[in-house]
Structures are given as C-alpha cells and as structure tokens.
Amino acid sequence: MDELDDALFDLSTLAIFRAVVHERGVTRAATRLRRAPSNVTTRIKQLERALGVTLFARDGRSVALTPAGKDLLPYAERLLALAREAREALSAARPHGLLRLGAIESFAAGILPDLLTRYRALCPDVSIDLAIEPADTLLARLRRFEIDAALVARPDDPADIGPYASDVVGIDDIVLVTAVGRAPVTHPRELGAARMVCLGQGDACGLRHRAQAWLASGGVRPRHVIEVGSNHALFAWVATGAAYGFVPRSTLSRAAHSNAVMWHPIGPIGAVDTLLVWREGHCPRALDVLRSMLVAGDA
C-alpha cells in the first residue's frame, strides 16, 4: 500500500476526522476520543498530506469543512459503518454492540415500549440508543450515519424518504381526539371554529397531512393551529377542551390524559403505514433482528 492507501484504510484516522467534523473542533474531538489535541492535529495533517488536499479551514479554535472535506465525509462514514458491521458479523453468533434507533414521538409513545422490551429479552447484549425527534431530523441523521434506522410515518410524497431502503412494519389509524363529553364527530364541519393542536411540522410526516386532508374534505380549514413538541402536550391541550387534535390510535393506551379525551375515527384517509427506514447495504445484525420482529408483526 502507498501512503494514500494507508491513510484511507486507517480506520482510526478516519474516526478522528469524523470526530473533528461532528465536534466542530480539534479540542472537543480530542476530549471525546481521549487523545491529546496535538495527536489529533497531527493525524489530520497526515491525512491531508496523503490526500493532497486541505480538509478543514481553520479560524482560531474553530474549524469548518472545505469542499474536499465535505466530499470525503460520506466515504469515511461508509467505511467506518462497514468496519463496524464486519466486526459484528465475525464475532459471536448473538447480536451485540450498539443499535442507534430513531423514532418520531408518536411511535416512540405507541409501539416501541413493548417492542423494545421483547427485543432486549431476545438480544440482551445489544445496547439501544433511542433518538426521539422529528422525521426530517431523523432522516438527516440517517444520512450522516448518526443512526442506523428510523421509524417514521409514510409521507405523502415518496421522495421525502430519499434514497433509503424501507419496510412497511405496521399500519396505524390516525384518529381525531377531543375532550370527553362532546358528541361523536362524524364530519369535519361539526368541529366548527375550534382550534387545532398538532405536533410541529417536522414531526408530522404523513400524520398531519392526513388530518389536513380529512378536514379539507369537509371544507374546513383551522383558523388557528397550535404546534406542540410532544403528544403529552397535545393531549393536555385537548383534555381542557381548548382544541382538538389528531394522533395515531396506538398512542391512546399510553397517553397521560387518555381518560380525559375521546377519539373519533376519520375513515380510510386516516390509515397510514409505519416505515422502518435504513441505508441500503448498511443493516447491522442487531438491526436485522429488530427489522425481522417488526416485519413479522411482533410490534
């Protein structure tokens, strides 16, 4: 191997490069990696010399990726991910290591608690790092190899999922929720001029669009929309009678205020697929077990 090959296939150097990118500085990367800052700087300079390019633009203590650094980053992420999968494939038969999973808040509150309990019993050597974030944030983190997979609702536009592999792992019903005591709602017009509360747009994925489509089918457009960051806050608003909302039916059994709300079906338009999304060709064994459980309907 020449110097360039040595640099590209030295996984520790690529890990240092990635750490400097993610930590946005040599000192923070050195702390995270438990290395001396001078060692980190030396390894980055060696990589730049081997590649014949400058990877970082330096301004005092801060650094920013150059165009060449931006080009290298996805390759470094892929090589490090493949190395991790290779270690797992050649190790003990039972999956182990770290599984980095993302989920939108609705699914984290609905299907995940029981599923992950069963998963941990099946794979006790796997540590799970769960990120509960909006769908667009999860897909961005998937692109940067910061998570292994994400559970999101199928968006109306397939292009929103991007170039990722996906499986339909369940179907949930989006339902209307109102405060207890009101008459059953069978048509959007029956909501009148009430306010609508919903999760922030980034977390909505296909959920919010289905709700808006149902309202639009009855000629209703909410005059005022309250955006909240969690289902807990959504149910709290609805329980007071100050607003109505839309949630996956699977979340109702675990809602903190479920006894203070009632739900109303919105028909076929409310059926939405749950997708498990991951990078094609990057499915570690720990993820493959979870994927098999979900596809088999063990959620």
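This is a predicted model: local features need pLDDT of at least 70, side-chain atom pairs count only at pLDDT 80 or more; totals for chains, interfaces and linings use all residues.
Residues are numbered from 1 along each chain as its sequence is written, and side-chain values use heavy atoms, with hydrogens and water left out.

The protein contains 12 helices and 11 strands, where helices (H or I, at least four residues) and strands (E, at least two) are DSSP runs numbered from the N terminus. Of its 299 residues, 44% count as buried, a term that stands for under 20% relative accessible area, with exposed meaning over 50% and partly exposed lying in between (1.4 Å probe, protein chains only). The accessible surface comes to about 14700 Å², and carbon and sulfur atoms hold 53% of that area, as computed by the Shrake-Rupley method with a 1.4 Å probe, where for residues only the protein chains shown count as cover. Among contacts with a separation of 6 or more, 75% are between residues 24 or more positions apart, a contact being heavy atoms within 4.5 Å.

In soluble globular proteins, nonpolar side chains tend to be buried together. Here the largest nonpolar core has 53 residues, and those with the most contacts inside it are Leu-112, Tyr-119, Leu-151, Val-152, Phe-246 and Leu-276; such a core is a set of buried Ala, Val, Leu, Ile, Met, Phe, Trp, Tyr and Cys residues joined through side-chain atoms within 4.5 Å. Leaving aside neighbours within four places in sequence, Leu-112 touches Leu-101, Ala-103, Phe-107, Leu-130 and Leu-151. A second, separate core of 19 residues includes Ala-30, Phe-56, Leu-73 and Leu-80.

Strand E6, residues 165-179, carries Asp-172, which is buried yet has no salt bridge, the nearest side chain of opposite charge being that of Arg-249, 7.0 Å away. Beyond its neighbours within four places in sequence, Asp-172 is in contact with Pro-248, Arg-249, Ser-250, Gly-270, Ala-271 and Val-272.

Helix H2, residues 11-23, has 13 residues and reaches 18 Å from its first C-alpha to its last, close to the 18 Å expected at 1.5 Å a residue, that expected span being 1.5 Å times one less than the number of residues. Its buried residues are Thr-13, Leu-14, Ile-16, Phe-17, Ala-19, Val-20 and Val-21, and the helix is followed by Arg-24, whose phi is positive, near 60°.

Side chains of opposite charge can pair when their charged atoms come close. A search of the whole structure finds nine salt bridges, each a side-chain nitrogen of Lys or Arg within 4 Å of a carboxyl oxygen of Asp or Glu. One of them joins Glu-23 to Arg-32 at 3.2 Å, N to O; Glu-23 counts as partly exposed because its relative accessibility is 25%, and Arg-32 does so at 42%. Another joins Arg-291 and Asp-167 at 2.7 Å, N to O, and this pair links distant parts of the chain, with Arg-291 in helix H12 (residues 285-295) and Asp-167 in strand E6, 124 residues apart. Arg-291 is partly exposed, with a relative accessible area of 24%. Salt bridges that share partners also join Glu-133, Arg-141, Arg-144 and Glu-146 into one network, in which the closest N and O atoms of Arg-144 and Glu-146 are 2.9 Å apart.

Note on methods: Lys and Arg count as positive and Asp and Glu as negative; His and the chain ends are not counted.
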